[in-house]
Amino acid sequence: MIRQATSSDLSHILVIYAHARRFMAEHGNPTQWGNARPTEADISARIARNELFVLEDSDGIHGVFAFILGEDPTYHVIENGQWLSDAPYGTIHAVASDGSIHGFLTQIVMYCLQTIRHLRIDTHPDNLSMQKALAKNGYTFCGKITLCSGSEAGDPRFAYQKILN
């Protein structure tokens, strides 16, 4: 089940992001989140804005992601390509799991598509696992963007879009 995260979930969410950082580092992507991103302050802010969601079952929380409706300033400029559509969209960010749930991104995409039919997401050029998962979930590579805010400002990302017709 996917539900909105609450402040009481914070300790579980921190463990999941720590697991994801280790996984990324072990699989050729040590710089996307480094040793500390997203920060506890970033996570708490997303919870307060009702932008953070968790995947849980009877055993507890196994995954976390942000889902934000509306324009993302980072996506205003895209290089070496173009967006498939400029229609209103939702953005998925900061996807992480504890590794126990297979098909987590598929569950996220299906959940988000219930709210809006246009989705965008980006990932680090070294995050090959996410790039494969995005292709498997019907996302189209649209080009390269550069993050414009936060601790990762200036970092390049590969941008993807999915449109449910």
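Strands β5 (residues 118-123) and β7 (residues 156-163) pair in the antiparallel sense over six bridges; strands here are DSSP E runs of at least two residues, helices are H or I runs of at least four, and both are numbered from the N terminus. Two strands count as paired if DSSP finds at least two bridges between them. Across this pairing, Arg120 stands opposite Gln161 in β7. This is a predicted model, where local features need pLDDT of at least 70, side-chain atom pairs count only at pLDDT 80 or more, and totals for chains, interfaces and linings use all residues. Residues are numbered from 1 along each chain as its sequence is written, and side-chain values use heavy atoms, leaving out hydrogens and water.

Now follow β7 to another partner. Strand β6 (residues 140-146) runs antiparallel to β7, joined by six bridges, and Ile145 faces Arg157 in β7. Step back to see the whole open sheet: seven strands in the order β1-β2-β3-β4-β5-β7-β6, with mixed pairing. Its edge strands are β1 (2-4) and β6, each pairing on one side only.

Let's turn to the helices. Helix α1 (residues 10-26) packs against α2 (residues 40-48) at about 130 degrees, their axes 11 Å apart; axes are lines fitted to C-alpha atoms, for helices over the stretch in contact, and angles run from 0 to 180 degrees between N-to-C directions. Leu10, Ile13, Leu14 and Tyr17 in α1 meet Glu40, Ile43, Ser44 and Ile47 in α2, with contact meaning heavy atoms within 4.5 Å. Finally, helix α4 (residues 128-136) lies across β4, β5 and β7, at about 160 degrees to β5.
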